[in-house]
Amino acid sequence: MSRAPAAPTTRPTTAAGRGGSHTDERLFFPGGGVFFWWQAGVVKALQQQYGLGRRNVSMSGASAGSISCVMAICNVNMDHAMEVALALADEGRVFEGGCYSLMGVWGGMIERWLLAVLPEDCHVTCSGKVNISVTSLTLALTPLHRHVVNTFHSKADLIDACITSVYIPYFIDGHFSHSFRGTHCVDGSLLFFLHNTAWCASEALGEDPGAYVFNQQDDTALMQHGWGFLQTLDKEAFATMFSLGFEYGTTWVHKQQQHQQQHQPRHTTRVHSI
């Protein structure tokens, strides 16, 4: 990708948002905050039961969902990822600091965590298969613009894209924005949040049978707990999220397998609720 002074080097978010080359399946993980651990459970189910590595699939993520996509495509052991994250949280005394103890320190913890769990060639594995949303800031009548990054130059560059995508102003490291490839950016799910949607319809919804958005709000069992988006929970709550995500993902996989047995050729079908 070429550098541009006004925006991160990206590809457009219109038709190309579906992936530059043809893929049979397109999976989307929206912003999640602490519900990342629900997404992590879904990813574990997809890795173990859906064979992501054998499928012609592209994955798109915003905010926490970007990390879910990267870990899914890189086949990161999600149990190990949780162990490392909890160890870093213990080291930083996160669970001793109250509901918002991650404020201002989360960014550094995420960077250390990704450095520890991602393989050295993760940028090669993810380029062309993972689409990470970031939101740039410009001095204009419409100051917010979403961009999709899908080419990564190094492990550090991929991690920086993830940090940019999860960059909640002030919360991540105490600053308002994050400089990514020469442009000030914030959380990649911000425009989705402002429009009250998990993902834009032109990319993910429509009539494409190969597209599915894994939205935590569709899991009624998860929503019944009433957990906050940026709330620091205890280890038991995170483990419950992880388990519920795995159950949701397992149910989704079983529905996909049933559909594929009934309809040929193989394609995914949208499942509105489970």
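Colleague: How many disulfides does the structure hold?

Modeller: A disulfide is a covalent bond between the sulfur atoms of two cysteines. The working cut-off is a pair of cysteine sulfur atoms within 2.5 Å. The structure holds zero disulfides. Cysteine 69 is in none, and the nearest cysteine sulfur, that of cysteine 126, is 9.0 Å away. Before going on, note that this is a predicted model, in which local features need pLDDT of at least 70, side-chain atom pairs count only at pLDDT 80 or more, and totals for chains, interfaces and linings use all residues. Residues are numbered from 1 along each chain as its sequence is written, and side-chain values use heavy atoms, with hydrogens and water left out.

Colleague: Is cysteine 69 buried or exposed?

Modeller: Buried means under 20% relative accessible area, exposed means over 50%, and partly exposed is in between, with a 1.4 Å probe and protein chains only. Cysteine 69 is buried, with a relative accessible area of 0%. Cysteine 185 also counts as buried, at 0%.

Colleague: How many aromatic pairs does a search of the whole structure find?

Modeller: A pair of aromatic rings is described by the distance of the centres and the angle of the planes. Rings of Phe, Tyr and Trp (its six-membered ring) pair if their centres lie within 6.5 Å; planes under 30 degrees apart count as stacked, over 60 as edge-to-face and the rest as tilted. The search finds ten aromatic pairs. In one of them, the ring centres of phenylalanine 29 and phenylalanine 214 are 5.1 Å apart and the planes are at 20°, so the pair is stacked.

Colleague: Where do phenylalanine 29 and phenylalanine 214 lie?

Modeller: Helices (H or I, at least four residues) and strands (E, at least two) are DSSP runs, numbered from the N terminus. Phenylalanine 29 is in strand S1 (residues 25-29), while phenylalanine 214 is in the loop between strand S7 (211-213) and helix H9 (220-223), so the pair ties together parts that are 185 residues apart in sequence. Both phenylalanine 29 and phenylalanine 214 are buried. Tyrosine 50 and tryptophan 252 form an edge-to-face pair, 5.1 Å centre to centre with 70° between the planes. That pair links distant parts of the chain, 202 residues apart: tyrosine 50 is in the loop between helix H1 (36-49) and strand S2 (57-62), and tryptophan 252 is in helix H10 (residues 235-262). Tyrosine 50 counts as buried at 1% relative accessibility, and tryptophan 252 at 0%.

Colleague: Which residues form one aromatic cluster?

Modeller: Phe29, Tyr50, Tyr212, Phe214 and Trp252 form one aromatic cluster.

Colleague: Which residue lies over the face of tyrosine 50?

Modeller: A charge sits over a ring if NZ of Lys or CZ of Arg is within 6 Å of the ring centre and within 35 degrees of the ring normal. Arginine 55 lies over the face of tyrosine 50, at 3.7 Å from the ring centre. Lysine 44 lies over the face of phenylalanine 246, at 5.3 Å from the ring centre.

Colleague: What is phi of serine 63?

Modeller: Most residues other than glycine have a negative phi, and most peptide bonds are trans. Phi of serine 63 is near 55°, a positive value in a residue other than glycine. Serine 63 is in the loop between S2 and helix H2 (64-73) and is buried, with a relative accessible area of 5%. Arginine 181 also has a positive phi, near 50°. Its place is the loop between strand S5 (178-180) and strand S6 (183-186), and at 11% relative accessibility arginine 181 counts as buried.

Colleague: How many residues of helix H6 are buried?

Modeller: Nine of the eleven residues of helix H6 (residues 155-165) are buried, so the helix is largely enclosed by the rest of the structure. Among them are Leu158, Ile159 and Cys162. Alanine 156 is in helix H6 too, but is exposed, with a relative accessible area of 53%.

Colleague: How much space lies in the largest pocket?

Modeller: On a 1 Å grid over the protein atoms alone, a pocket is an open set of points where a 1.4 Å probe fits, with protein on both sides within 12 Å along at least five of seven lines; lining residues have an atom within 4 Å of a point. About 600 Å³ of space lies in the largest pocket. Of the 20 residues that line the largest pocket, the closest to its centre are Gly31, Ser189, Phe193, Gln217 and Phe229. Helix H7 (residues 190-194) gives the largest share of the lining, three residues.

Key: Points joined across faces, edges and corners; volume = space filled by probe spheres on them.
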